[in-house]
Amino acid sequence: MAATLSAEEEQATKQFLEEINKWTSQHGVSPLTWDVAVKFLMARKFDVLRAIELFHSYRETRLREGIVKLQPHEEPLRSELLSGKFTILGVRDPTGASIALYTAKLHHPNKTGNHVVLQALFYLLDKAVESFETQRNGLVFIYDMAGSNYTNFELDLSKKILNLLKGAFPARLKKVFIVGAPVWFRVPYNLLSLLLKEKLRERVQMVKMTDLRQHLPRNCLPEHLGGCLPLDVHGWNQQLLAEQNGRVDPVDELLGIPLATSAVHTPGPDAMRLPEFTAHLARAQRSGIYHEYEELRKEPPSGTFHCALAAYNQEKNRYGDVLCLDQTRVRLKARRNERSDYINASFMDGYKQRNAYIGTQGPLEKTYDDFWRMAWEQNVLVIVMTTRTDEGGRKKCGQYWPLQEGGQEVYGHIAVVNQRVDNHSHYNQTFLELHNTETCEQRQVSHFQFLSWPDYGVPSSALSLLDFLSTVKRQQKRAVKALGSQWRGHHLGPPMVVHCSAGIGRTGTFCALDICLSQLQDVGTLNVCQTVRRMRTQRAFSIQTPEQYYFCHTAILEHAQRNGQASNQ
């Protein structure tokens, strides 16, 4: 495919590849190709940030739905591709867009699972958008319900097809026509409102078969939809299978990276605006949100715990049942005569930011050296502690930094000096100076300890925690700015260390709030359930209790009410 791009588009493609290939090199896989990059950028009009979001959304969706290493010449996918359910018509609309057709009456849910149908859809559409003309001019999707019965219809599948087309597929979706919808689809309530999110609705039209010609010329439509195009449902698909024999999908290698390592938080197809969020909370009530949490809690961890369970590492875990996933654990840099690079700490993505946090347990005396070594190696500027060292007569965390102003402690090869402590009503901020005794370098780190959060419980009011979160983020921003050209990573800076006692309950709640409020500020939407689900793929079991999960919701509501957003959205 020889794509003719403008100078600005070429520059955007280079920028996209530079960003994505930083990520591919981290995971030791082949870099993304220029052609694949152009496909994602075309779908988002060369907006690099939105194209990167689309790329990760596409990859996550394929992993979640099991659309990996597709074998079009093997069953059951081959039969599904030749069933005629999906095809690409042999003509384009007047604007040059490709026309994809889904024939609902050919789907029999009792015979074919959603999984195979989605595999076929992704495979055919992927091949359709290999064409530069389709990338440039977009895609029209005809959802043909003519002659279909209720038994041909599956709400979950239809919801996935329509929302995936908009939020997770690299094509410029111009229009979706739902043709010949039966009465049961239109009344007593419009199923479209269940199927579609607000932003997609404007591109979807439900039309009668006789009205379809007002939107597409007769020579673009098959005969059974009132056009003059003889429909050979097998032709395009058979030709494609012949051409694709032995070819490998260039994205396949990237799909080998487990989902746990790619959970960067971006607005998904199920994101809610504040009025929807408020209505959801009012409808579900505390019991409904608790139930939602229970469903999340039942989902098994998405990775393995081999390193954390190794005999020589078990003493480094504060709690035997709170372990790090192998896929996201922070590895200490190798040192001579050292058996293990393990610390109970996990990289966690933030809103549009990879590795925004390191979620970790409260350090044990035997892991103080490892903790400060990790902080140094990861260029940490801010540490957030959401526990007291002792609570209810139980040790929750070691005193891993010098408590008194002017105090100094040495942890391995890192000396830590307490320069100043500022005491506030709900938190203390300690200004620390780190000295690396091996390299003679020094750095500044801010240590924040939030004091108003009971173990297992939640703060009585969210406002003190929200103010604390704002203060922490301001300090991170100031510290990154002070680094200037020394810092070349993400503009929001290196990871922020966040810990409580186990590093999952209060830690997960703090990070979930930050992610949701960042998304709300950026695009006006959020989804707590999606955020927590993604977070748990990186720091397993994040958010420990239904109360903490419910608190995330009420805290967001308090934030919106305080900022006057709840009433005027």
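Domain bounds here come from an automatic or database domain assignment. The model shown is predicted.

**Figure 1. The chain is assigned three stretches: domain 1 (7-65), domain 2 (76-243) and domain 3 (272-390 + 402-563).** Domain 3 is given in two segments, 272-390 and 402-563. The centres of domain 2 and domain 3, taken over C-alpha atoms, are separated by 44 Å.

**Figure 2. Helix 2 (residues 34-43) is largely enclosed by the rest of the structure, because 8 of its 10 residues are buried.** The buried residues are V36, A37, V38, K39, F40, L41, M42 and A43. Just after helix 2 comes K45, with a positive phi of about 50 degrees.

**Figure 3. A salt bridge joins the side chains of D126 and K39, at 3.5 Å from N to O.** D126 belongs to helix 5 (residues 114-128) and K39 to helix 2, so the pair ties together parts 87 residues apart in sequence. Are D126 and K39 buried or exposed? Both are buried. Across the whole structure, a search finds 20 salt bridges.

**Figure 4. Strand 4 (residues 173-179) is mostly covered, with 5 of its 7 residues buried.** Strand 4 pairs with strand 3 (residues 139-144) through 6 bridges, and the two run parallel. L139 has L173 of strand 4 as its bridge partner. Strand 4 also runs parallel to strand 5 (residues 204-207), joined by 4 bridges. There, I178 has M206 of strand 5 as its bridge partner.

**Figure 5. Nine strands form an open sheet, in the order 7-8-9-17-10-16-15-14-13.** The pairing is mixed. Strand 7 (329-331) and strand 13 (408-411) stand at the edges; each has a single partner strand, so one side of each lacks a neighbour in the sheet. On average, neighbouring strands of this sheet are turned by 30 degrees against each other, direction ignored. Strands of a sheet pair through backbone hydrogen bonds, either parallel or antiparallel.

**Figure 6. Strand 15 (residues 427-436) and strand 16 (residues 441-450) pair in the antiparallel sense.** How many bridges do strand 15 and strand 16 pair over? They pair over 10 bridges. N428 stands opposite Q449 of strand 16.

**Figure 7. Helix 14 (residues 368-377) and helix 16 (residues 505-523) lie across strands of the sheet.** Helix 14 lies across several strands, including strand 8 (342-350), strand 14 (414-423) and strand 17 (496-499). Helix 14 runs at about 35 degrees to strand 8. Helix 16 lies across strand 8, strand 9, strand 10 and strand 17. Its angle to strand 9 is about 160 degrees.

Figure 8. E295 is partly exposed, at 36% relative accessible area. K298 counts as exposed, at 57%.

**Figure 9. R562 and D467 meet in a salt bridge, at 2.9 Å from N to O.** The pair links distant parts of the chain: R562 lies in helix 18 (residues 546-562) and D467 in helix 15 (residues 463-483), 95 residues apart. R562 is partly exposed, with a relative accessible area of 41%. D467 is also partly exposed, at 37%.

**Figure 10. Residues 466-550 are listed in UniProt, in an unreviewed entry, as "domain: Tyrosine specific protein phosphatases".** Over this stretch the chain is 60% helix and 7% strand. The end C-alpha atoms of the stretch are 15 Å apart.

Technical notes: Residues numbered from 1 in each chain as written. Predicted model: local features only at pLDDT ≥ 70, side-chain atom pairs only at ≥ 80, totals over all residues. Heavy atoms only, no water. UniProt positions renumbered as here; feature names shortened; annotations may be inferred. Pairing = 2+ DSSP bridges. Axes fitted to C-alpha atoms, helices over the stretch in contact; angles between N-to-C directions. Contact = heavy atoms within 4.5 Å. Buried < 20%, exposed > 50% of the residue type's maximum accessible area, 1.4 Å probe, protein only. Salt bridge = Lys/Arg side-chain N within 4 Å of Asp/Glu carboxyl O.
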